[in-house]
Structures are given as structure tokens and as C-alpha cells.
Amino acid sequence: MELVIDDLSCWRGGRLVFQGLSARLKPGHALAVRGANGSGKSSLLRVLAGLVPAAGGSVRLGDADLKSRTSWQEQVAYAGHLDAVKPALTVADNLAVWASLFAAPAALRTEALDWFDLSPIADRPAAQCSAGQKRRLGLARLVLMRGRPLWLLDEPTVSLDAAASGRVADLVRAHLADGGLALIATHVALGLDDLDELQMPGPPGAFAEASDGGDAFLRGDWA
């Protein structure tokens with residue numbers, strides 16, 4: 001299924017973050033989302049994840065429409081800046097919670113541990129893990145959600161060493177080989193071949209301001 005983004009815009013906190021964004025992504029392909037700090041890379045991924053409302057435009061993934069948020073989110077795997085790791089739980093227990101949430105079979109939990117070399121610390125409380133270990137644990141959720149066609153990754157290799165970064169690239173390659181799609185906000189090379197780029201346009205000049213803007217949060221109609 002093809003991802004089609006048409007004339008997308010986003011307001012956050014009464015400010016226009018970006019507008020007029022259009023792109024198409026075919027199965028088996030990935031886009032590197034590029035742009036300066038503050039250009040809206042993370043906001044774009046959050047819009048596509050159904051976590052922030054689009055102020056205008058449309059997004060479709062095959063027959064799925066972003067406006068149908070619940071069914072849309074079932075098609076998306078999102079890995080943002082925060083790893084959503086519960087510090088009081090062990091590494092293995094964190095994965096068990098996510099596996100239950102995503103209805104993933106138990107075998108995938110073992111695969112996720114092995115893929116990111118987490119098996120040796122499976123019984124360690126997440127609070128005692130390093131930043132890189134927590135990042136690997138957060139990304140291991142992707143193994144549990146590999147059936148979801150659209151992956152949205154925000155700076156996935158932050159805090160990772162070269163070996164762990166390579167595992168991320170390998171996982172994305174496997175996802176694309178299965179016909180999946182990925183948008184990856186990153187400032188660094190990921191080691192992926194034929195990675196297309198999406199340059200964030202940013203707002204026209206200085207941030208536009210408005211009393212309620214196009215911001216659904218400020219209007220109170222986003223739940």
C-alpha cells in the first residue's frame with residue numbers, strides 16, 4: 001500500500017510549524033526526513049502517528065485515512081524521542097507488557113531481545129540500564145509490531161553505538177523487504193541504500209501566530 005501525503009499542515013501551541021507538505025512513498029521504500037532544528041520533523045511524525053492533529057491536508061495509506069484515527073494507528077509503529085520504558089520493570093517485563101498491548105506472540109519477545117542483544121540483561125531493572133540500553137529496549141518494540149506497514153522513527157540511533165545502529169538499519173531493511181514503509185527523522189547517515197529524502201519546508205518566514213491558529217488543541221476539539 002502506498003502512503004500519500006497531500007498539502008499537509010500543522011499548528012502547535014498557536015504556531016504554524018509547517019504547511020504545504022506533500023509526498024508519496026511506495027511499499028518497500030523509506031524517506032529520510034531532513035531539516036534544521038525546529039523545522040517540524042518530529043511534529044510531522046507525531047501527526048502521522050495520530051498523536052497531533054493535522055491542521056489541513058490529507059494523509060492516506062492504502063484504504064486507511066488519517067482522519068479515522070483509531071484504525072489508522074493500528075497501521076503505524078512509532079518510535080519517538082522517549083523510549084516509554086518503565087524503570088521499575090525488568091527489560092523482559094517491559095517487552096512482555098508491550099507484547100500484550102500489541103497482541104504479539106511470545107516468540108517475538110525472544111526475537112526482540114536477541115535482535116538488540118538484550119538477552120544478557122533481560123532480568124535487569126530498566127532503571128539500571130544505560131541510555132543506550134534503554135534506547136535499544138525502546139526500539140525492540142518494532143520487532144513486536146513488524147506487521148504494521150508504516151514505521152515512524154524519530155532519531156532512532158541517538159545514544160547507540162555503531163553495532164546497535166547497524167541492528168536498527170538491519171531491522172528497517174527487513175521491514176522494507178517485506179513491503180513495509182518508513183519515515184525516519186535523522187541528521188546522520190543510517191547505512192540504508194537508496195534512501196530518499198523529504199526536506200521539511202518549515203513555516204513561511206517567521207512562525208505565523210494566531211489566537212487559536214489552526215490548533216485543534218487550543219480550540220478544544222482534539223481528544
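Buried means under 20% relative accessible area, exposed over 50%, and partly exposed in between, with a 1.4 Å probe and protein chains only. The model is predicted: local features need pLDDT of at least 70, side-chain atom pairs count only at pLDDT 80 or more, and totals for chains, interfaces and linings use all residues. Residues are numbered from 1 along each chain as its sequence is written, and side-chain values use heavy atoms, with hydrogens and water left out.

**View 1. Arg135 in helix H5**.
Arg135 has 4% relative accessibility, so this residue counts as buried. Helices (H or I, at least four residues) and strands (E, at least two) are DSSP runs, numbered from the N terminus. Contact means heavy atoms within 4.5 Å. Neighbours within four places in sequence aside, Arg135 is in contact with residues including His81, Asp83, Asp154 and Glu155.

**View 2. Helix H5 and its cover**.
Helix H5 spans residues 131-139; seven of its nine residues are buried, so the rest of the structure largely encloses this helix. Among the buried residues are Gly132, Gln133 and Leu137. Their cover includes strand S6 (76-79), helix H3 (91-101) and helix H7 (162-177).

**View 3. An open sheet of five strands**.
Two strands pair if DSSP finds at least two bridges between them. The order is S6-S7-S8-S3-S9, with parallel pairing. S6 and strand S9 (196-199) are the edge strands, each pairing on one side only.

**View 4. Strands S3 and S8**.
S3 (residues 30-34) and S8 (residues 181-185) run parallel, joined by four bridges. Val33 has Ala185 in S8 as its bridge partner.
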